[in-house]
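Please walk through the following model with its coordinates open beside the text.

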Amino acid sequence: GNLRPLRRGQMVAPSLAATTRLLRPSLVARQRCSVRAFEVPSAALLADAAAETSAVISLDALGNDIFFFLLASVVVVPLSRVLNVTPVLGFLAVGCAAGPFGLGILSDSEANVQLGDLGIVFLLFIEGLQLSPDRLLKLGNFFKLGLAQFILTIAAITAANLYLGPQVLPAAERFILLDDELVRPILSTPVLAFCLAGAGALSSSAFVLPELKQRGWEERADGTAALAVLLLQDIAVAPLLVLLPLVAGSGPQSSAELGVLVAKATFGFGGVLVAGSVLLRQIFSVVAAARSSETFVAATLLVAIGMGVAADALGLSTTTGAFAAGVLLAGSQYRQQIEADIKPFEGILLGIFFMTAGANLDPALCVAEWPTLLSGILAFLGAKLGLLFGLGAF
C-alpha cells in the first residue's frame, strides 16, 4: 500500500526515504530506483547514523547522571552532618539506591567511574600539598611497615587459601552456609588465590583519608602510619598489575619486555619528577603573574591530572603521579591558593566516586550470599589486623 507506480514501471518507497532522513539528514533517498531493487542507505551510512545516535544518547545519559550527582551532593552532606554520620555512608547508600540494581537512575556507569576516579586523583594531590619536609620524613619511618604489611598479607592470604582453607572448609560448612561455587575455586586455583590476596592487601585511600581528616587524626602517630601504609599501597599497585598477568601466563613473554616495563616505571617517572621539580614552580610563577584566577585554576587542574596521566603512561597509578605533583608543590608560595582552588573539585568528585561504588553493589546478591561475604570480610580483617599489630611491635 506504500508503493505508488511511476512511469516505466519504477517505484519509490516514501516511508523508507522518510526513515532515512530521520536517521541522518544527509541520507536522502534518490528519486528513482529500478523495479528489482529499491534504493536504500548503505550499511556504512546506517552504522554511522547508529553511532551518532548512540553517542547522543550516551551524552544525554551522562548529563542526567551529573545532574543527579550534584543534587545528591547538595542533599547528602548537610543531612549527614545533621545525623552525625560520615557522608561516605550517605553517598554509598544513594548510589546503591540509584544504581542498576536499584531504581536504575544512573545509566552511564563507565563514564561515571572515570569521573569519580578524578576525585581520588585530587585527594592524593592535596595530600601531597600538605606534606611538609618534617611530615614527609615521618612518613618515611613507616614505609617499612607498609611494605611488610603488603608483602606479608599477600603471602599469608595466598597460603591460607591454598593450604589451610581446604582443611578448614569442611568443618566450617557444618556451622556456616558457605557457597561452594564461590569458595572452592579460590581454594583450589593458585591464580585466583593470589589475585584475591593482592586485592585484600590493598586499602582504599578514598575511604580512609576523609575519615582521618574528619576525626582529626592526621597529625597523630597512628594517622601518619595509616597515611604511609596507604601511599605505599598506591605505589605497589603498579608492580602488582605487572605481576598479575605474569602469574596468569599472559604478561611479558621475555625478560627484555619486563625490563622495559621496570625501566619505564623507575627511570621514566624519575625523570618526570626531576623535570617537574624544576618546571612546576616556574610555571605557577608565570601563571600568577597573569593575575587571572581562571588561568590559575586551569593550571592547577592541568598539573594534578597531567602528572597522573604521565605516571599512568609509565606504568604507575594515576594517584601516584598526582601525589608526587602535590609533594613537588608543597614548598611553593602558592600552595594555599592551589589547595583552595582544587578543594571543591575534590569534594564533588569524591562524592561521585562513592556513589558509583555504591551503584555497583547488588543488595540481592549480598543478602543471598551473606554468610560467605561476612566470613570473607572477617577473615580479611583478622589477617590484616593481626599482621599490622604484629609488625607494629617491630
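Leaving aside its neighbours within four places in sequence, with which residues is T320 in contact? In this predicted model, once those neighbours within four places are set aside, T320 is in contact with D234, I235 and F269. T320 itself belongs to helix α13, which covers residues 318-329, and the residue counts as buried because its relative accessibility is 11%, below the 20% under which a residue is called buried.

With that residue located, the overall picture can be set out. The protein has 16 helices and two strands, and of its 394 residues 34% count as buried. Among the contacts in the protein with a separation of 6 or more, 75% are accounted for by residues 24 or more positions apart.

Not counting residues up to four places away in sequence, T356 touches F69, N112 and V113.

A pair of aromatic rings is described by the distance of the centres and the angle of the planes. The structure holds seven aromatic pairs, and in one of them the rings of F207 and F354 have their centres 5.0 Å apart and their planes at 70°, so this pair is edge-to-face, an angle over 60 degrees being what that term requires. The pair links distant parts of the chain, with F207 in helix α9 (residues 205-215) and F354 in helix α14, 147 residues apart. The two partners can also be set side by side by their accessibility: F207 counts as partly exposed because its relative accessibility is 30%, whereas F354, at 3% relative accessibility, counts as buried. Together with F353, F207 and F354 form one aromatic cluster.

The axes of helix α6 (residues 143-172) and helix α7 (residues 180-188) come within 8 Å and cross at roughly 135°, which makes α6 oblique to α7. On the α6 side, N161, L162, G165, P166 and L169 meet V183, R184, I186 and L187 of α7, and the residues of this contact divide into six nonpolar, two polar and one charged.

The C-alpha atoms of L388 and L152 are separated by 9.8 Å, although the two residues are 236 residues apart along the chain. Leaving aside neighbours within four places in sequence, L388 is in contact with L145 and Q149. With a relative accessible area of 31%, L388 is partly exposed.

Finally, the backbone deserves a look at two loop positions. N84 has a positive phi of about 60° although it is not a glycine, and its place is in the loop between α2 (43-83) and α3 (87-98). With a relative accessible area of 68%, N84 is exposed. R291, likewise not a glycine, has a positive phi of about 55°, and the place of R291 is in the loop between α11 (255-289) and α12 (293-313). At 77% relative accessibility, R291 counts as exposed, the cut-off for that term being over 50%.

Note on methods: Residues are numbered from 1 along each chain as its sequence is written. This is a predicted model: local features need pLDDT of at least 70, side-chain atom pairs count only at pLDDT 80 or more; totals for chains, interfaces and linings use all residues. Side-chain values use heavy atoms; hydrogens and water are left out. Axes are lines fitted to C-alpha atoms, for helices over the stretch in contact, and angles run from 0 to 180 degrees between N-to-C directions. Helices (H or I, at least four residues) and strands (E, at least two) are DSSP runs, numbered from the N terminus. Angles under 35 degrees count as roughly parallel, over 145 as roughly antiparallel, 65 to 115 as roughly perpendicular and the rest as oblique. Contact means heavy atoms within 4.5 Å. Ala, Val, Leu, Ile, Met, Phe, Trp, Tyr, Cys and Pro count as nonpolar, Asp, Glu, Lys and Arg as charged, and the others, Gly among them, as polar. Rings of Phe, Tyr and Trp (its six-membered ring) pair if their centres lie within 6.5 Å; planes under 30 degrees apart count as stacked, over 60 as edge-to-face and the rest as tilted. Buried means under 20% relative accessible area, exposed over 50%, partly exposed in between (1.4 Å probe, protein chains only).
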